[in-house]
Amino acid sequence: ETGASNAVITALEAPVSKIQYMVDAFHKRRDLILELLSKIDGFVTDIPEGAFYVFPDISSFFGKTIKGHKIENATDFSLLLLEEALVATVTGDAFGAPNCIRLSYAASEDQITEAIKRIEKVVA
């Protein structure tokens, strides 16, 4: 525990310039994923305030059948993406957003681009 405590103290005392590159990288990744998602019909996104997740509203797909999968809710949609696009998402249920899925952008720009390309191919 002492190691973890020391790491937290060091992080809090570090000048912002030492971690600015990380903040900049995550802003760039956030902007990338939002831009890519905006090109997919049926995805509605807001700009996240923090963390490294986006919660697109995918309720426009409810009631549809995609690649033989009946989509009734975000769980069905997440399973579709896992099985057909090989992209893991989490439903927004636990976050009070049952019409949404949660996508992380704590990945490389190439990984983000590939994941969204796979999603788009499945739902197009």
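The exercises that follow use a predicted model.

**Exercise 1. Find out how many helices and strands the chain has, and in what order they come.**

Solution. Start by counting: the chain has four helices and five strands. Next, walk along the sequence, and the pattern reads α-α-β-β-β-α-β-β-α.

**Exercise 2. Check whether the end-to-end span of helix H2 agrees with its number of residues.**

Solution. Helix H2 covers residues 16–38, which is 23 residues. At 1.5 Å a residue, the helix should therefore span 33 Å. The C-alpha atoms at its ends lie 31 Å apart, in agreement with that value.

**Exercise 3. List the buried residues of H2 and say what they pack against.**

Solution. Take buried as under 20% relative accessible area. The buried residues of H2 are then Arg 30, Leu 32, Ile 33, Leu 34, Leu 36 and Leu 37. Now look at their partners: these residues pack against strand S1 (53–54), strand S5 (101–104) and helix H4 (109–123).

**Exercise 4. Describe how H2 and H4 pack.**

Solution. Two packed helices are described by the angle between their axes and the distance between the axes. For H2 and H4 the angle is about 15° and the axes are 10 Å apart. Angles under 35 degrees count as roughly parallel, so H2 and H4 are roughly parallel to each other. Their crossing is right-handed. On the H2 side, the contact is made by Lys 28, Arg 29, Leu 32, Ile 33, Leu 36 and Leu 37. H4 contributes Glu 109, Ile 112, Thr 113 and Ile 116. Sorted by class, the contact has six nonpolar, one polar and three charged residues.

Key
Residues are numbered from 1 along each chain as its sequence is written. This is a predicted model: local features need pLDDT of at least 70, side-chain atom pairs count only at pLDDT 80 or more; totals for chains, interfaces and linings use all residues. Side-chain values use heavy atoms; hydrogens and water are left out. Helices (H or I, at least four residues) and strands (E, at least two) are DSSP runs, numbered from the N terminus. The expected span of a helix is 1.5 Å times one less than its number of residues. Buried means under 20% relative accessible area, exposed over 50%, partly exposed in between (1.4 Å probe, protein chains only). Contact means heavy atoms within 4.5 Å. Axes are lines fitted to C-alpha atoms, for helices over the stretch in contact, and angles run from 0 to 180 degrees between N-to-C directions. Angles under 35 degrees count as roughly parallel, over 145 as roughly antiparallel, 65 to 115 as roughly perpendicular and the rest as oblique. A crossing is left-handed if the near helix is turned anticlockwise from the far one by less than a right angle, and right-handed if clockwise. Ala, Val, Leu, Ile, Met, Phe, Trp, Tyr, Cys and Pro count as nonpolar, Asp, Glu, Lys and Arg as charged, and the others, Gly among them, as polar.
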